[in-house]
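Load the model in your viewer and keep the selection tool at hand. The stops below are meant to be taken in order.

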Amino acid sequence: MWTSVTLQADANKAEALSDALMEAGALSVSIEDADAGTEAETPQFGEPGHLPTSLWDHSRVIALFDRDAAFETVLAEASKAVGLDAVPPYTTEAVEEQNWVQLTQSQFDPIRITERLWIVPSWHTAPDSDAINIELDPGMAFGTGSHPTTRLCLEWLCDAVQPGQSVLDYGCGSGILGIAAVRLGAGDVLGVDIDEKAVEAARDNAQRNAVAMRLQHSGIALSETFDIVVANILTNPLCVLAPAIAARVAPGGRVALSGVLEQQSEQVIDAWAPYVALEVGAASDGWVRLEGRR
Ligand SMILES: C[S@@+](CC[C@H](N)C(=O)[O-])C[C@H]1O[C@@H](n2cnc3c(N)ncnc32)[C@H](O)[C@@H]1O
């Protein structure tokens with residue numbers, strides 16, 4: 001049905017070449033690390049407003065064309081448009097019609113967070129029926145359990161939550177952390193998010209897991225405090241919101257933050273220092289979990 005063309009490109013040309021290919025008639029274009037899967041693989045992290053300035057030194061630009069499209073002409077046109085003397089070396093591959101739903105689903109397997117906690121997509125049977133199994137599918141909101149920051153928070157909750165404790169999940173996304181807290185034995189659990197769609201998604205997920213938790217927009221002012229506060233957002237909002245979130249931690253209560261890159265730890269620790277002394281509790285794939293007690 002389609003032809004997929006993979007071109008080699010240097011960091012300084014990959015983005016422009018990708019745009020030029022779309023402009024010239026490619027159906028879709030993506031850029032990947034040409035060293036992915038090798039020792040030289042380089043993860044790229046960015047925050048809104050602070051996206052990575054460069055791509056990988058060795059990039060792969062992958063363009064998709066209709067099977068009968070004259071893709072050689074498109075490659076020549078796009079290469080010329082970005083100032084290349086010739087079309088970069090490329091390979092082609094025929095892409096057959098697929099069951100895309102099945103293919104997508106096959107990329108999401110159950111995720112074991114700890115011995116007693118699993119995240120299980122709805123199309124899978126829980127590998128351990130005695131464990132706490134949270135049913136969650138990829139959807140509109142962030143939080144399927146596959147991201148290191150979510151896992152760092154889930155691991156912490158498994159350890160931190162005591163029966164009946166109150167929990168605030170700040171930046172709840174899919175609701176995964178709050179749902180896990182309820183299933184781990186927490187009492188009153190509140191999830192808040194700045195994105196109304198995330199609040200809706202979290203509500204659906206809570207219902208699907210037969211979990212009772214409160215969910216609301218983060219713009220609604222809070223006055224109560226919580227035994228446990230978990231916030232997996234990003235460094236900048238975590239710094240700006242430090243006084244507001246810290247004020248929701250009950251005296252003696254515990255807090256964990258993630259969405260913070262290793263090199264940003266000091267920035268967040270400093271911003272929180274007037275309220276809670278934080279320290280790095282765990283790290284995974286370049287991300288850290290900061291934790292402390294008020
Ligand atoms: C990285 S996701 C985390 C989702 C989920 N808690 C998890 O751990 O997988 C961050 C969430 O924080 C929300 N968020 C970002 N900035 C926020 C803010 N200033 N106030 C409240 N929520 C915010 C986003 O909408 C998003 O749903």
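This tour of a predicted model goes from the sheet to a helix lying across the sheet, and then to the ligand and its surroundings.

Begin with the strands. Select E1, E2, E3 and E4: these 4 strands make an open sheet in the order E2-E3-E1-E4, and their pairing is antiparallel. Colour E2 (28-33) and E4 (90-95) separately; each has a single partner strand and stands at an edge, so one side of each is left without a neighbour in the sheet. Ignoring direction, neighbouring strands here are turned by 25 degrees against each other on average.

Now keep E1 (residues 2-10) and E3 (residues 58-66), which pair in the antiparallel sense over 9 bridges.

H2 lies across E1, E3 and E4, and runs at about 25 degrees to E1.

Next, centre on the ligand. Which residues are closest? Gly143, Thr150, Gly171, Gly173 and Asn232 are, out of 20 residues that surround the ligand. By type, the shell divides into 11 nonpolar, 7 polar and 2 charged residues. Helices H4 (148-160) and H5 (176-183) each supply at least two residues of this shell.

Finish on H4. Its 13 residues, at 1.5 Å a residue, should span 18 Å, and the end C-alpha atoms are 18 Å apart, so the two values agree. Show the side chains of its buried residues: Thr149, Thr150, Arg151, Leu152, Cys153, Leu154, Trp156, Leu157 and Ala160. One of these, Thr150, is also among the residues closest to the ligand.

Conventions:
Residues are numbered from 1 along each chain as its sequence is written. This is a predicted model: local features need pLDDT of at least 70, side-chain atom pairs count only at pLDDT 80 or more; totals for chains, interfaces and linings use all residues. A residue is near a molecule or strand if its C-beta atom, placed from the backbone, lies within 6 Å of it. Ala, Val, Leu, Ile, Met, Phe, Trp, Tyr, Cys and Pro count as nonpolar, Asp, Glu, Lys and Arg as charged, and the others, Gly among them, as polar. Two strands pair if DSSP finds at least two bridges between them. Axes are lines fitted to C-alpha atoms, for helices over the stretch in contact, and angles run from 0 to 180 degrees between N-to-C directions. Two residues are in contact if their C-beta atoms, placed from the backbone, lie within 7 Å. The expected span of a helix is 1.5 Å times one less than its number of residues. A residue is buried if 20 or more other C-beta atoms lie within 10 Å of its own, exposed if 12 or fewer, and partly exposed in between; C-beta atoms are placed from the backbone.
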